[in-house]
Amino acid sequence: MAKSPSIQDSNFSYTAFPANTGRALHSEFRLKLEPIVNLSSARTFGYEVLTQLHPPGNAEHFFGELPPEHLLAHFFQQLTAIAHYPRDRWYFLNLPMNALLHWDLFNLAMALYPPNVIIEIQDPETFFTLNLSQRSLLYEKVQHIEANGIPVWLDDVDASLIATFAAANWRLSGIKLDKNAFWALSASPHKLHQVVLMGYNIATAVLIEGIENHQQKEIAFHSGADLGQGYLWPALLPDGK
């Protein structure tokens, strides 16, 4: 049996899905993997899977303008890529709320999931734009995903968003505290600890983003958070640079 390639040795790229978005299409995508680290053991828990455009461009703008069916197609291309990576790590893949609301499209390829994938809802602030029916439908789909053994996390939350989802009686596998919220709270460890405790009201695990040095790592650890992510742990790039 062939040995699975290590992430460090990976040079995976793939052709862009067909899409007529009214602008020039990027010919291929390459993955960037940002380490997610256990703050107590310093071991790598997993990686956030991000996409680099080739030729280079503004990825946030590019993907922000794609319709849900194209975002989902790209999501499944990422799944195909990480299926070849080691199974002893979790891989966090981003999806916007609007894509999750298109569950019929999403459900077509459920069988392709590797067992070590986490879905990260990348735009929790979109919750404020949804009506009550859409919010209910979205949570039903989140529960369905988790019932199928796929953890769902909220990305980029702050105290206000945590309170909003708590009031809506959401419960998820994890949340990521936004880097700006972390930086603002770092000078007040007690307040940071209180926000982390709030996070545990809606999630089983709490991750802090924006950790750039060892002092911030210590602050994050003493806040009670489980995991950390940031420039302190360099991303792994497919081309090895």
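Student: What does pLDDT stand for here as a score, and what is its mean for this protein?

Tutor: pLDDT is the predictor's confidence in each residue, from 0 to 100. This is a predicted model, where local features need pLDDT of at least 70, side-chain atom pairs count only at pLDDT 80 or more, and totals for chains, interfaces and linings use all residues. Residues are numbered from 1 along each chain as its sequence is written, and side-chain values use heavy atoms, with hydrogens and water left out. In the protein, 76% of the residues reach 70 or more, and the mean pLDDT is 83.

Student: How many helices and strands does the protein have?

Tutor: Both kinds of element are DSSP runs, numbered from the N terminus: helices are H or I with at least four residues, and strands are E with at least two. Counted that way, the protein has 9 helices and 9 strands.

Student: Is threonine 51 buried or exposed?

Tutor: First find threonine 51 in strand 3 (residues 44-54). Buried means under 20% relative accessible area, exposed over 50%, and partly exposed in between, using a 1.4 Å probe and protein chains only. Threonine 51 has a relative accessible area of 14%, so it is buried.

Student: Which side chain joins threonine 51 in a polar contact, besides that of histidine 74?

Tutor: A polar contact is a pair of N or O atoms within 3.5 Å; within protein, one must be able to donate a hydrogen and the other to accept it, and residues adjacent in sequence count only if both atoms are side-chain atoms. The contact with the side chain of histidine 74 is at 2.9 Å. Another polar contact, of 2.9 Å, joins threonine 51 to the side chain of glutamine 78.

Student: How far apart are the end C-alpha atoms of helix 5?

Tutor: The expected span of a helix is 1.5 Å times one less than its number of residues. Helix 5 (residues 132-147) has 16 residues, so it should span 22 Å. The model agrees, with the end C-alpha atoms apart by 22 Å.

Student: Within what arc do the buried residues of helix 5 fall?

Tutor: Those buried residues are Leu138, Tyr139, Lys141, Val142 and Ile145. The arc is that of the directions from the helix axis to the C-beta atoms. Seen down the axis, the buried residues of helix 5 line one face, because they fall within an arc of 160°.

Student: Which residues are exposed on the other side of helix 8, away from its buried side?

Tutor: Start with the buried residues of helix 8 (residues 189-199), which are Leu192, Val195, Val196 and Gly199. They line one face of the helix, because they fall within an arc of 100°. The face turned away from them carries the exposed residues His190 and Lys191.

Student: With which side chain does the side chain of asparagine 94 make a polar contact?

Tutor: Asparagine 94 has its place in strand 4 (residues 90-95), and it counts as buried because its relative accessibility is 16%. Not counting residues up to four places away in sequence, asparagine 94 touches several residues, including Val49, Phe75 and Asp155. Its polar contact, at 3.0 Å, is with the side chain of glutamate 48.

Terms used:
Contact = heavy atoms within 4.5 Å.
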